[in-house]
Amino acid sequence: MDPRSVPAPRGFASDNYSGAHPEVLAALADANVGHVPAYGEDPWTADLRARFHAMLGDDVEVFPVWGGTGANVVALTSMVTRWGGVIAPAIAHANTDEGGAPEKIGGLKILPVPTADAKLSPELVRAHAVSRGVHTIQPEVVSITQSTELGTLYTSGEIRAIADTAHELGMSLHVDGARIANAAAALGQPLAAFTRDAGVDVMSFGGTKNGCIGAEAVVVLNPDAAHGVDFLRKNSAQLASKMRFVSAQLVALLENDLWLRSGAHANAMAARLRQGIQDAIDDGSVRGVSFTQPTEANGVFAVLPEGSADRLRAHVRFYDWNAATREVRWLTSWDTTPEDVDRFVGLVREHCA
């Protein structure tokens, strides 16, 4: 039997594990007609710009790219000088999970800030926005992740406070929005409310974790905060020649609010997972399990009893978050089903009794 004909069971390792949403695949097929100009001079990229203009304003600039790391590299590099640095939570994806790409390719330095919940605050920004002249990297950008690497959320008010502080100190604000759809669905607010209206200057808008095959965008909300994005996109290997296929995926997400519906579904499945395990803790059938973070988007973080993670992984794949403390991470996706969740809760009851 061809192993490709047998779908792998859905797990909780990453929302990157999920396939492409059928509406995204249909959009790709629709875009696969005839010849159209390359490098973004196509109707789908024009449509994508128009949709972002409608959401965020006519002066917003949109640059489709095909990778999340690439989106952050292009965005951050456009915002800093060669002697500039980026204040970010120590756990930020740009600091821990991008192979040093922002620093290696962008020539910038990440200035990591330890936090308990993966979130910055105005006080933390002030404390780390220090310089000793030519002897130190100059803090020029603050970067936050929405939703964060720990599944937590910034409110629009929190983002506004950080933006005001950054701007007061002569810095710009970047948002890594790899899971921006989960945040928007959880907050129940228009995208503009917690981005442009809250003072964000540049955003990395994610699609790959939300049903796309490979589609992200650098969205410049404040043209004065980013420079040379077109050129940086090219020399960072993020300029797609057949850009219509990148843009068509993002258009499909934005059409009929698919991005929000998919994000809301993933969030609901995470809430179901947490509640199911909490019920098992409360009725005494599960022991030694505790949660380490609030479940505000599509991530559940928990500590498991000794040895139980490996027993569970014999059935469902997921990652250790901190093996030393037995902390694990479970992520839900646009295609996670209630049956997937309930099956996993049953396995937790069996192996953490």
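Which residue in β11 is the bridge partner of Tyr 319? It's Arg 329. Keep in mind that this is a predicted model.

**The four-stranded sheet**

- The sheet is open, and its four strands come in the order β8-β9-β11-β10, with antiparallel pairing.
- β8 (290–291) and β10 (319–322) sit at the edges, so to speak: each of these strands pairs on one side only.

**Helix α8 against helix α11**

- Helix α8 (residues 180–187) packs on helix α11 (residues 258–282) at an angle of about 80°, and the axes are 8 Å apart.
- That angle makes α8 roughly perpendicular to α11, because anything from 65 to 115 degrees falls in that class.
- On the α8 side, the contact is made by Ile 180, Ala 181, Asn 182, Ala 184, Ala 185 and Ala 186.
- On the α11 side, the residues in the contact are Trp 259, Leu 260, Gly 263, Ala 264, Ala 266 and Asn 267.
- Sorted by class, the α8 contact with α11 has nine nonpolar residues, three polar ones and no charged ones.

- Asp 59 and Arg 196 meet through their side chains in a salt bridge, at 2.6 Å from N to O.
- Asp 59 is in the loop between α2 (43–56) and β1 (61–65), while Arg 196 is in the loop between α8 and β6 (202–206), so this pair ties together parts that are 137 residues apart in sequence.
- Asp 59 counts as partly exposed at 38% relative accessibility, and Arg 196 also counts as partly exposed, at 27%.
- Glu 306 forms a salt bridge with Arg 326, where the closest N and O atoms are 3.9 Å apart.
- Glu 306 belongs to the loop between β9 (299–303) and α12 (308–313), and Arg 326 to the loop between β10 and β11, so here the tied parts are 20 residues apart in sequence.
- Glu 306 counts as exposed at 64% relative accessibility, whereas Arg 326 is partly exposed, with a relative accessible area of 34%.

- Asp 320 and Arg 313 form a side-chain salt bridge at 3.2 Å, N to O.
- Asp 320 is partly exposed at 38% relative accessibility, and so is Arg 313 at 26%.
- Asp 310 joins in as well: salt bridges that share partners link Asp 310, Arg 313 and Asp 320 into one network.

Terms used. Residues are numbered from 1 along each chain as its sequence is written. This is a predicted model: local features need pLDDT of at least 70, side-chain atom pairs count only at pLDDT 80 or more; totals for chains, interfaces and linings use all residues. Side-chain values use heavy atoms; hydrogens and water are left out. Two strands pair if DSSP finds at least two bridges between them. Helices (H or I, at least four residues) and strands (E, at least two) are DSSP runs, numbered from the N terminus. Axes are lines fitted to C-alpha atoms, for helices over the stretch in contact, and angles run from 0 to 180 degrees between N-to-C directions. Angles under 35 degrees count as roughly parallel, over 145 as roughly antiparallel, 65 to 115 as roughly perpendicular and the rest as oblique. Contact means heavy atoms within 4.5 Å. Ala, Val, Leu, Ile, Met, Phe, Trp, Tyr, Cys and Pro count as nonpolar, Asp, Glu, Lys and Arg as charged, and the others, Gly among them, as polar. A salt bridge is a side-chain nitrogen of Lys or Arg within 4 Å of a carboxyl oxygen of Asp or Glu. Buried means under 20% relative accessible area, exposed over 50%, partly exposed in between (1.4 Å probe, protein chains only).
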